[in-house]
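Hello,

Here is the structure I promised to pass on to you. Please have a look at it first, and then read my notes below.

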Amino acid sequence: MDINDAEQIAAVRGGDAASFEPLVKKYQPRIFATARRYARRESEVEDIVQEVFIKAYQKLASYRGEAPFEHWLMRLAVRTCYDFLRAHQRNREINFSDVTTEETNWLEQFVADPSSRNESAAAAREIVAKVLAKLTPPARLILTLLEIEDRSVKEISRLTGWSVPLVKVRAFRARAEMRKVLEKMIRKGYV
Amino acid sequence: MNTLELQKKLFAAARSTPPRNDVPYAFEKRIMARIAKEALVDVWTLWGRLLWRAAAPCVALMLALTVWAMVSSQSASRNTDNLAVALEDQVMAPLARLEESW
């Protein structure tokens, strides 16, 4: 563990709440980036980050210092994001009316020639965001961690608290769920 | 339509650009202010928790005292009867002895 982190954590535990501020300052960019993967509105992102740090402050006594503080904080962040997804899982019915022309063009180009290099990566990213928004919270979390953040199954198991076999099962189901959403999107005539 | 291939391509596009990590100005101050506020609320939470914890022993003590009060009042009334008999025996004892001597 970082010596500075250890000193600051010890000070916070000793009752000096102000020592928590440098920790917030140091890790908040990382937590913001994580939260932005799950929430689109900036106000929601800020709420998630705030909740992560408040939880971290309240649970600091449970941090044993065996792993780096950043890992512990990331675990807290991922679980908070998952709670956020579960709390906002309403309105997931398929409604792709907001697919832009650019996104439709990207999909059309893919259908015409799947091996071609599509130019607009921004359009693809938007499609991913829209498709992920239609998935169940576990499916969205697992695909983000596994396919987009490129994390290993073991790492995901540590972050989420799910067992390795459960992560594998959920990943399999999540991919199938995403393919179903894509098929529905295509069937609805956006390609 | 190869959805598997489409999925792979979409993931590759999403992987290519990580999300922004910029932070709103003085965000850490906002968090520290919130923590300070939470700490104040925490005193009341702690007090509430202590009250809840104290509730069960208080109820148990109340029940024990009720039972003790009922039992002691019964035994007290029994003792009062005994006292009356004992008093009568004491008062009448000389007379009883007189009757016996005659």
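**A loop in chain B**

Ala26(B) sits in the loop that joins H1 and H2 of chain B; helices here are DSSP runs of H or I with at least four residues, strands are runs of E with at least two, and both are numbered from the N terminus. Although Ala26(B) is not a glycine, its phi is positive, at about 55°. This residue counts as exposed because 11 other C-beta atoms lie within 10 Å (exposed is 12 or fewer other C-beta atoms within 10 Å of a residue's own, buried is 20 or more, and partly exposed is in between, with C-beta atoms placed from the backbone).

Before I go on, a word on the model: it is predicted, so to speak of a local feature I need pLDDT of at least 70, and side-chain atom pairs count only at pLDDT 80 or more, while totals for chains, interfaces and linings use all residues. Residues are numbered from 1 along each chain as its sequence is written, and chains are lettered from A and ligands numbered from 1 in the order in which they are written.

**Where the chains meet**

In chain B, 30 residues are in contact with 34 residues of chain A (contact means that C-beta atoms, placed from the backbone, lie within 7 Å). Helix H1 (3-16) and helix H2 (27-101) of chain B each supply at least two residues to the side that touches chain A. H1(B) gives the most, with twelve residues. By type, this side of chain B has 17 nonpolar, six polar and seven charged residues (Ala, Val, Leu, Ile, Met, Phe, Trp, Tyr, Cys and Pro are nonpolar, Asp, Glu, Lys and Arg are charged, and the others, Gly among them, are polar).

**Inside chain A**

The domain assignment, which is automatic or from a database, gives chain A domain 1 (3-87) and domain 2 (101-190). Seven residues from domain 1 of chain A and seven from domain 2 of chain A make the contact. On the domain 1 side, helix H4 (residues 69-87) of chain A gives the most, with six residues.

Asp150(A) lies between helix H7 (137-148) and helix H8 (153-160) of chain A. It counts as exposed because it has 10 C-beta neighbours inside 10 Å.

Finally, in H3(A), the buried residues include Val45(A), Ile48(A) and Phe53(A).

Best wishes

Definitions and conventions:
Contact = placed C-beta atoms within 7 Å.
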